[in-house]
Amino acid sequence: MSLDLSYYEALMGAAAAGEQPTAETGGVWVVALAGRLDDGLLRLIGKGRVLADALGAYVYLLMAGDAGAADGERAIKAGADRVLVAGGMPALADLVEFFRPRGPQVVLFPATRSGRALGPGLAQALNGSLCGHAADLEVDPIYQRVVAHQPVLDDAARQRVALLAAPAVAVVDTTRLPAAFNEPWRTGTVEETGLTWPVSAPRPTVALPVAPLTLASAAVIVAGGLGLKTAEGFALATQLAQALGAAVGGDVAALDAGWITEDQLIGLTGVRVAPRLFLALGMDGDTNLFMGIQDAGLVVAVQPDPSAPIAAVADYNIHADPVEFARVLLGKLRM
Amino acid sequence: MRIVVCVKQTYDPATVKISRSREEFDLRGAVKITNPADRYALEAALRLREAAGGEVIALTVGDADAEDVGREAIAMGADRALLIAGPELASATGRAVARALAAGIGHLAPVDLVLTGQVAAVDGAGGLAPRLAAALGWPVALDVVSLAAAADGGIVATAAVGPGVGEVISLALPAVVAIAAGIERPRYPQPARIANAWAPGLLATCTAQDLGLTAEDLAPDVEVGGLVLPPERTRGQVIAGPLATAAEELLAALKAQRLISAAAA
């Protein structure tokens, strides 16, 4: 699977030949620490495959924990060339000892608790480079180096971070990666490393206080207005909020109707909110409301009138009876 | 117990804008503050000092502006501060910062406990504590929301592992602990302490050379490039069709944008 570099070598001289990865060192490594391979890890292997194809390298999977043989096969279908199976849970010193002679080019960790602790430590111990919070990865076609995309300002944008020193270590939020490959034609090997690391005893857990959901801190807000017609209609908004883990608010009309309390009033005269999703049910919208939601991320408006002021403000409009739509949406969410 | 709290200066995320045309941060009008998570780390250190006694030292790396962060830490209650400053450190990347902090901790020896904030405000990076632990060869605990001194001379840390669930971790000292923003709200500096924060002798400054760091130690490990921007916002889109189809289309769009969890729909 080595890359054909004959044209490149002719162009660049013999120097390029020395940079070719060999089967013994280099390569793109994915570290699975939790035993069973979940969908996120298969996505990460797929991302490793894409990087390795661009770099001309192999994809290795270090599978610690007590994974079965079936997991090795799934990893190969998802893009791994060689799966190395080990037992137990490595500490940082174990991983450093494992990786130092192998000289990996790229090491990818999932952003699990253990991945977040071991990935940066490995980078520091091997004098590598790190992106500790990556949402995506690509290979810079000119410099042949790995570039991580790091979410900044609460994912308002992603910053390109080029990883200069080898190994390039990235701790990747696997939920943001594209779907995993599942290609039966792929081939690879599953090998036992013979290594068994000690497993630490599970730690005791305690209950922690949970901060109450407030309009100011909620990531999702469901708000209702006069279009919900009755208190029963507004109750649907409350149920939707429960299903979505959202806070409930309303406009002045809802306050006057007695459906919400004063601290649930959204707008310039009430609370100014900045959720990532604002779902407005039966609200026509006015300046008071728009000032209150100007920092909101995505605004979805459900109300029947296409010429209502909120129709131009909302990202998505559904021109329908809000009570009927809330009922249908609730049904879909509870399915 | 000697506790070192690593604090860093960052831009207030509320004042950082994104320039779409230049695909980079627009820092005009951006204000420099102490990283919010680091204030939680300082609060945890102050509470531990109140319970178990000892000394709290704020440690920061940066340019001369970073002195403000050290002064603010003293105003909040730190006993003293050490600023590792220099032009080459102002743009230092994670690996160099971890090495500089490790050298600073060596300079402040004997140190029992090092606390850091869990995440950086603007870029969301969270690798400092494990990097520092690797550089020092100490154990590390992440996502910790509260600390207590243990009877055996170590500490007991409570780490948040899920909503409302904490895990109790016993650590032998010395150790590195990353504190997550959570239960123990950072205190406001008292006016008298603010006034005294500029008293002579509380904040020491040294350079990377003083700590024996070479240019090779401070070489960058990453190169920060431009921003990748999401598609521009289009308002006024209409989802038409029968209610059931519209609801499904809406849920699919929300799921694709990660606004609701896949489990919810």
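Which strand of chain A pairs with E14(B), and in which sense?

## Model and strand pairing

This is a predicted model: local features need pLDDT of at least 70, side-chain atom pairs count only at pLDDT 80 or more, and totals for chains, interfaces and linings use all residues. Residues are numbered from 1 along each chain as its sequence is written, chains are lettered from A and ligands numbered from 1 in the order in which they are written, and side-chain values use heavy atoms, without hydrogens and water.

Strand E8 (residues 157-163) of chain A pairs with E14(B) in the antiparallel sense, over five bridges. Pairing requires at least two DSSP bridges between the strands. Strands (E, at least two residues) and helices (H or I, at least four) are DSSP runs, numbered from the N terminus. In E14(B), B:Glu223 stands opposite A:Ala162.

## Contact and buried area

Chain B gives 65 residues to the contact and chain A gives 66. Contact means heavy atoms within 4.5 Å.

The buried area between the chains is about 5,600 Å², with 59% from carbon and sulfur atoms. This is the accessible area (1.4 Å probe) that two parts lose on being put together, summed over both. B:Val228, B:Leu243 and B:Arg258 supply 11% of the area that chain B buries against chain A, more than any other three residues.

## Salt bridges

Eight salt bridges are counted between chain B and chain A. Each needs a side-chain nitrogen of Lys or Arg within 4 Å of a carboxyl oxygen of Asp or Glu. One joins the side chains of B:Arg258 and A:Asp173 (3.8 Å, N to O).
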